[in-house]
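Please find below a colleague's note, arranged as numbered points. The structure is shown first, and the comments follow.

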Amino acid sequence: MMRGRSDGGQKKRLIASFCIVALVLCFLYMYYGSSSQGASALEYGRSLRKLGSSYLGGDDDGETKQDGSVSNEEDSLVVAKSFPVSLFYPNLNCRLILHAKLTFGVYIYMFKVCDDRHSEIIPCLDRNFIYQMRLKLDLSLMEHYERHCPPPERKFNCLIPPPAGYKVPIKWPKSRDEVWQANIPHTHLAKEKSDQNWMVVKGDKINFPGGGTHFHYGADKYIASIANMLNFSNDVLNDEGRLRTVLDVGCGVASFGAYLLSSDIIAMSLAPNDVHQNQIQFALERGIPAYLGVLGTKRLPYPSRSFELAHCSRCRIDWLQRDGILLLELDRVLRPGGYFAYSSPEAYAQDEDSLRIWKEMSTLVERMCWRIAAKRNQTVVWQKPLSNDCYLEREPGTQPPLCRSDADPDAVYGVSMEACITPYSKHDHKTKGSGLAPWPARMTSPPPRLADFGYSTHMFEKDTELWKQQVDSYWNLMSSKIKANTVRNIMDMKAHMGSFAAALKDKDVWVMNVVSPYGPNTLKLIYDRGLIGTNHNWCEAFSTYPRTYDLLHAWTVFSDIRSKGCSAEDLLLEMDRILRPTGFIIIRDKESVVESIKKYMKALHWEVVASEKVTTGSELDQDNEDGENNVVFIVRKKLWLTSESLRDAE
């Protein structure tokens, strides 16, 4: 009897194995052998039909034309068709199309392509998810614009397709003034803001004349007028390098930040995914630093004393709500002596409501020890005090109160705002300022806050030099694929002190420096160097639109998330989501980690650009406790479109 059961079980196993092998062989036939005449349910690879907008792939790097196409005739577009994975694997929740091991030991990995309607999905800022989960949020506090990440079982786990007609983005600096309409097919802002020169549709492009709600005639003139109000030399807002970092709240399409760049000022342009839902997407497509965020209930993801100037031009924020908590949040992130430029009807209008708001705001900022630095026409500029003297001289019980002495003003990840004034550290109070060097010397000068981490000047200088050498090495490895204007928007996914970004100072790029909330909060050192960044946990999706960065740098990021028990597949899909087609990823990690990533290359439509072992004992890789070699692995994302979007484009 026992033998009979064993034979029956073995027979069932043989039948099951035969079915699996047959399914895999059928898949391989579809994958490698299908033609355009007999297309399979899933077609990955090179289409037989030549298309003008092809990916930059293959052995030769083609020249990008002005129409977004590529001159390399050997390479053609990668076409991906949606595959009904649930037909075979109904419980997979769109995870892998196929993850099978052949009898000869080879694994095949394929990812499902998301539906075209998800081409602009931001997983942690998805209003559909909020509605479906029926989250109880206070709309008056903007909680619905804050981050709400889906649980693992509700993740999309699929490749995000570009919209129909997508083209390789226009290169910087030309992109400041125009983008392809097909890449962001939303023109409602052009109609809604037609009288304010935000943007204008012209043929297959969207142009940006540089206007805004309070600067219809150009951001450049508006910026010069603010500098003139503050009596800065030659009407240049950077004040001879002393004003470098700016927070633009409710930034629109970020033309204010775009025109600051020529003055060596970098702005973090901030706006929520609201009724103007594509404004940050336009900003990033233009090559302008920007981030999706809101002044709601949580602290902004920036440390205290990060910005020399905060700006609000008709940003429609109720600064008086909840005892002035939003204005106090701006106060937290402003440096000693920092400015708040406010252009709004309340600053000049004479109607009853505007006069009431102006009176209440004036009273509030006076209790916060701000003073009016300048006021002209539609704009008022307040200035924050240089020291704690004014705070200490206030009458007992004055509101808002000072924050508790044990409160950490730099803790931001998931931390709620508080309606209190953040006093200065003993160092800043004593020096009556931040003690930072003017730009550009600021980038390489040891920041005063190094001491907060026990870092020495020698450690800082050594880190800066090591990353300079490494960036030179990266660019040498990519030399056959990269030109002066190939990349613009760069993200350092584990920025530490920002030395990777500092090493790029001579290139026409900007870097979003990301610091984990679970390690030393070195983001304040990055801001003290005149750079920008944010806190983020890579076990979750980043707050940006798909296809917004040209290069991602991942230094031991995969090892880090593995140690937290998070999925490398999820991170690969997230990196693919935020990377532009033809963009690069530089992975620096353990050899075993890199080997595990390589098996996903074809599934992600990534091509290998370079792979190089790191010299054993490299000072950047000393945290590798098991002695395993590290590898620099560089890949490039191909441009692919779904067959459905191709039909729509035609």
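1. Buried is used here for residues under 20% relative accessible area, exposed for those over 50%, and partly exposed for those in between (1.4 Å probe, protein chains only). Helices (H or I, at least four residues) and strands (E, at least two) are DSSP runs numbered from the N terminus. The model is predicted, so that local features need pLDDT of at least 70 and side-chain atom pairs count only at pLDDT 80 or more, whereas totals for chains, interfaces and linings use all residues. Residues are numbered from 1 along each chain as its sequence is written, and side-chain values use heavy atoms, with hydrogens and water left out.

2. Helix H4 (residues 219–229) has as its buried residues Ala219, Tyr222, Ile223, Ile226, Ala227 and Met229. These residues lie on the same side of H4, because they cover an arc of only 160° around the axis; the arc is that of the directions from the helix axis to the C-beta atoms. Their cover includes helix H5 (255–260) and strands E10 (307–313), E11 (334–343), E12 (371–376) and E13 (379–383). Just after H4, asparagine 231 adopts a positive phi of about 60°.

3. In the protein as a whole there are 18 helices and 21 strands, and 56% of the 650 residues count as buried. Contact means heavy atoms within 4.5 Å. Among contacts between residues at least 6 apart in sequence, 70% join residues at least 24 apart.

4. Aspartate 248, in strand E7 (residues 245–249), deserves attention. This residue is buried yet has no salt bridge, and the nearest side chain of opposite charge, arginine 286, is 9.5 Å away. A salt bridge requires a side-chain nitrogen of Lys or Arg within 4 Å of a carboxyl oxygen of Asp or Glu; Lys and Arg count as positive and Asp and Glu as negative, while His and the chain ends are not counted. The aspartate 248 side chain does make a polar contact with that of histidine 311 (2.8 Å). A polar contact is a pair of N or O atoms within 3.5 Å; within protein, one must be able to donate a hydrogen and the other to accept it, and residues adjacent in sequence count only if both atoms are side-chain atoms.

5. Tyrosine 527 belongs to helix H13 (residues 523–528) and counts as buried, at 0% relative accessibility. A polar atom of the tyrosine 527 side chain lies 2.7 Å from the backbone oxygen of glycine 533. Beyond four places in sequence, tyrosine 527 touches several residues, among them Thr245, Met268, Tyr302 and Arg335.

6. The salt bridges number 32. Aspartate 410 and lysine 524 form one of them (2.9 Å, N to O). Aspartate 410 is in the loop between helix H9 (389–393) and helix H10 (426–431) and lysine 524 is in helix H13, so the pair ties together parts 114 residues apart in sequence. Both partners are buried, with aspartate 410 at 7% relative accessibility and lysine 524 at 9%.

7. Two further pairs each lie within one helix. In helix H8 (residues 352–367), aspartate 353 and arginine 356 are three residues apart and meet in a salt bridge (2.9 Å, N to O); aspartate 353 is partly exposed at 43%, as is arginine 356 at 40%. In helix H15 (residues 568–578), arginine 577 and glutamate 574 are likewise three residues apart, with closest N and O atoms 2.8 Å apart in their salt bridge. Here arginine 577 is buried at 3% and glutamate 574 at 8%.
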